[in-house]
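The exercises below go through one protein model, each with a worked solution. Look at the sequence and the structure before reading on.

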Amino acid sequence: MPLPLAHRPTRRVLALDGGGIHGLFTLEVLAELETRLRAAHGGNRPEYRLCDYFDLIAGTSTGGIIAAMLAWGFPVSKIQELYLASAKQIFARAPWYYRLKYKFTGDRISATLREMFSEDDGSPATLGSAKLRTLLLVTMKNGTTGSAWPVCNHPHSRYNDRATRGDKSNLNIPLWQLVRASTAAPTFFPAQEIMVMGQPQQFIDGGVTPYNNPALIAANFALLPEYGICFPPGEDRLLVVSVGTGRREMRYGSGEIQDMNILSHAVSIVQTLMDEVSVEQDMLCRVLGRCRFGEKIDREIGDLQASHPSLPPRMSYIRYNHTYSAQEVAAACTDHRCHWSLDAIGLIPAIRAAGAKYASERVSLDHFVGFLEG
């Protein structure tokens, strides 16, 4: 059995990007990682889960769903089954009179999350539920206040402390609502209303904050005393593993740039900015930590796996993500109706194949040396 949290010599954090149906890429990487960790801990114990290894699991949007399910104790295979079985129902079209606001109703995903995150008596599980088997961090945006909202179930976080907050503690918020809020991508799903300190507030997808890649905010939660967790810093004491949903090359031909108009720019700008912020978060984690594995950031700075002598590493860091080439995207999108979007159901086989190939070639326990005990 894994060591209790208080007795572990090291701490481990898992951070999962947003990306809609491309979360199936993430799940292929996690499946490979879970299989290898299971073999390293207890000789292929079938009951071994990623929640037995990681002390904090963070996620945004589709990564928030996966993170919450992992923290709840699901094996990766069960999450994959749910994604494949529910994809078409979750992306159910909204009535025509709502489609200028959002494409999908959100009813199915809400019902699935309510059923999944419930107590044994059928009541909604809250963020403070004892059924969460490890620390969980979910990111979203509070549209009512305009602020990013990373929310963790640690009992000593400022807004969680029941001794001082009482009934207004964030630990009393239904877990399904927080996960649903993290997935409420504008124009895709309606916002999620949550009662906060007795007041209704509207929440949208965490991908419209800087935390679509939640690795850096997860590291901050783990290390900064203001968040109450206080994991010990150091490249031999804290490991952050970040898993993306894959990104594609955003290149334009000279003709395309010259012909760009307001509409074409509006279509691409949101995803472009999200991708670039995600890369920036990845780079900052490598600057603040000791990068053990990650693809090149760019040709100028490379992969930043060499520590800077003036910046003692606050953690060790691993980044698993794949950049799809234009050729890979073209091969996947053979149908003219296919778009590389959050709801691209037709891309599922290609996403899973790319994730499985990447995982088999890149995921290695050699990256985890020093963090396999317990």
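**Exercise 1. Find the aromatic pairs, and work out which parts of the chain they tie together.**

Step 1. A search of the whole structure finds eight aromatic pairs. Rings of Phe, Tyr and Trp (its six-membered ring) pair if their centres lie within 6.5 Å; planes under 30 degrees apart count as stacked, over 60 as edge-to-face and the rest as tilted.

Step 2. One of the pairs is Tyr-53 with Phe-368, which is edge-to-face, with 6.3 Å from centre to centre and 65 degrees between the planes. Tyr-53 lies in the loop between α1 (23-40) and β2 (56-60) and Phe-368 in the segment after α11 (348-362), so this pair ties together parts that are 315 residues apart in sequence. Helices (H or I, at least four residues) and strands (E, at least two) are DSSP runs, numbered from the N terminus.

Step 3. Tyr-53 and Phe-368 are both buried. Buried means under 20% relative accessible area, exposed over 50%, partly exposed in between (1.4 Å probe, protein chains only).

Step 4. The ring centres of Phe-293 and Tyr-320 are 5.5 Å apart and the planes are at 45 degrees, so this pair is tilted. Phe-293 belongs to strand β9 (residues 290-293) and Tyr-320 to strand β10 (residues 316-320), so the pair ties together parts that are 27 residues apart in sequence. Phe-293 counts as buried at 14% relative accessibility, and Tyr-320 counts as buried at 0%.

Step 5. Phe-25, Tyr-324 and Tyr-358 are linked into a cluster by ring pairs.

Before the next exercise, a note on the source. This is a predicted model, with residues numbered from 1 along each chain as its sequence is written. Local features need pLDDT of at least 70 and side-chain atom pairs count only at pLDDT 80 or more, while totals for chains, interfaces and linings use all residues; side-chain values use heavy atoms, with hydrogens and water left out.

**Exercise 2. Which rings have the charged end of an Arg over them?**

Step 1. A charge sits over a ring if NZ of Lys or CZ of Arg is within 6 Å of the ring centre and within 35 degrees of the ring normal.

Step 2. The ring of Tyr-53 has the charged end of Arg-12 over it, 4.2 Å from the ring centre. For Trp-176 the residue is Arg-114, with its charged end 4.9 Å from the ring centre.

Step 3. Trp-176 is one of the buried residues of α6. In this helix (residues 175-182), eight of eight residues are buried.

**Exercise 3. Which residues touch the most other members of the largest nonpolar core?**

Step 1. A nonpolar core is a set of buried Ala, Val, Leu, Ile, Met, Phe, Trp, Tyr and Cys residues joined through side-chain atoms within 4.5 Å.

Step 2. The largest core has 76 residues, and those touching the most other members are Leu-14, Leu-30, Leu-70, Phe-117, Val-241, Tyr-320 and Phe-368. Another core, of 24 residues, lies apart from it and includes Ala-215, Leu-216, Leu-238 and Met-315.

Step 3. With neighbours within four places in sequence left aside, Leu-70 is in contact with Leu-14, Leu-16, Leu-30, Leu-50, Cys-51, Ile-57, Val-76 and Ile-79.

Terms used:
Contact means heavy atoms within 4.5 Å.
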